[in-house]
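Dear colleague,

Please find below the structure that I am handing over to you. My findings on its surface and its aromatic contacts follow.

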Amino acid sequence: MPASEAAGTSGAPDEAVPAGSEQAPAEGEQKQSEPADPEAAKSSRAGRNLPAALAVGFGLGLSLIAILLFAPRILVGVVAVAIAIATWEVAKRLREADVLVPRIPLLLGGQAMIWLAWPYGAQGVAGAFGLTALVCMAWRLFDHGLAATPRNFLRDTAITVFVLAWIPLLASFAVLMLSEPRGNLRVLTFMILVVCSDVGGYVAGVLFGRHPMVPAISPKKSWEGFGGSLVFCIIGGLLTVTLLLQANSMIGVLLGVAVVLVATCGDLIESQIKRELGIKDMGTLLPGHGGIMDRLDSMLPSAFVSWLVLTALL
């Protein structure tokens, strides 16, 4: 499980309670130290079922490592499926909030971006992105017929293009990385660094977290957790870039810092979106984690920045 969620990157709309300001429970209200639900006892400090989250996280991680080492091209299909599900989750949540994003062209265009990234590279991704954006605009303009006046057209199309860039466009950089020399090891490096960032944030946040980082967006996220992410990710960058990619260790330091920054921003971006929508998770597909999108929030921007750093410096 990306532990940054457990360490305090949750986007749930619950407000933070300042230390020492706990109120006595009202009459008939159960104390929090005595949860009525047995599942609550298994939950982490972020309200997750930790055993289930760890089992799912380890299972997914080991599967991806095996794919990268023994059949890396399968990863393109894995990314395509994950992006389709994540896009559907976000579109569904937006429609629940009366934001009418065109789901069919969004899904088809996202798939085109992923599958064209392997044979045609960045040109294929850019072409698919531009065409999909235009189709989505036209689709939303006429989705109620030629005689109807569109409602909230500007808002809905702007959010549609945002979703298109947020999910399939950023994910396509993982496929672009895979198509480069030793691409499977580049992708493995970026995935390890995201895990390092998450684990470091969880450990430091749970043990030492005292100072909220951005309480208005994610109340439990602390500066101590961010420091832990930074330390773990720099060490991870040094080891992976040196041992897996056999490159200069300073590239690993730069990559580690860059991944921490964008992974943290990715967490906060999804937290704010979920806060505005009034939801805790984008979906329910993964026990203890939420939806697929809840697991991709830090990985998507990290895929882009990893591609950028490694392409420029290797």
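Helices here are DSSP runs of H or I with at least four residues, numbered from the N terminus. By that numbering, L207 lies in helix 6. Please note that this is a predicted model.

L207 also belongs to a nonpolar patch on the surface, together with V195, V199, V203, F208, V231, F232, I235, L239 and L243. The accessible area of these residues together is about 890 Å². Helix 6 (183-208) and helix 7 (223-243) each supply at least two residues of the patch.

Turning to the aromatic side chains, the structure holds five aromatic pairs. One of them joins F173 and F304: the ring centres are 4.9 Å apart and the planes stand at 70°, so the pair is edge-to-face, the angle being over 60 degrees. Because F173 lies in helix 5 (residues 153-178) and F304 in helix 10 (residues 299-313), the pair ties together parts that are 131 residues apart in sequence. F173 counts as buried, at 12% relative accessibility, whereas F304 counts as partly exposed, at 30%. F173 and F304 form one aromatic cluster with W307.

W223 and F226 form another edge-to-face aromatic pair, with 5.9 Å from centre to centre and 85° between the planes. These two residues are three apart in helix 7, and therefore separated by about one helical turn. W223 is partly exposed, with a relative accessible area of 49%, while F226 counts as buried because its relative accessibility of 15% falls under the 20% limit.

With kind regards

Notes. Residues numbered from 1 in each chain as written. Predicted model: local features only at pLDDT ≥ 70, side-chain atom pairs only at ≥ 80, totals over all residues. Heavy atoms only, no water. Patch = residues over 30% accessible without salt bridge, like charges linked within 9 Å, V, L, I, M, F, W, Y side chains within 5 Å. Areas by Shrake-Rupley, 256 points an atom, 1.4 Å probe, with all protein chains shown as cover. Salt bridge = Lys/Arg side-chain N within 4 Å of Asp/Glu carboxyl O. Phe/Tyr/Trp six-rings, centres within 6.5 Å; stacked < 30°, edge-to-face > 60°. Buried < 20%, exposed > 50% of the residue type's maximum accessible area, 1.4 Å probe, protein only.
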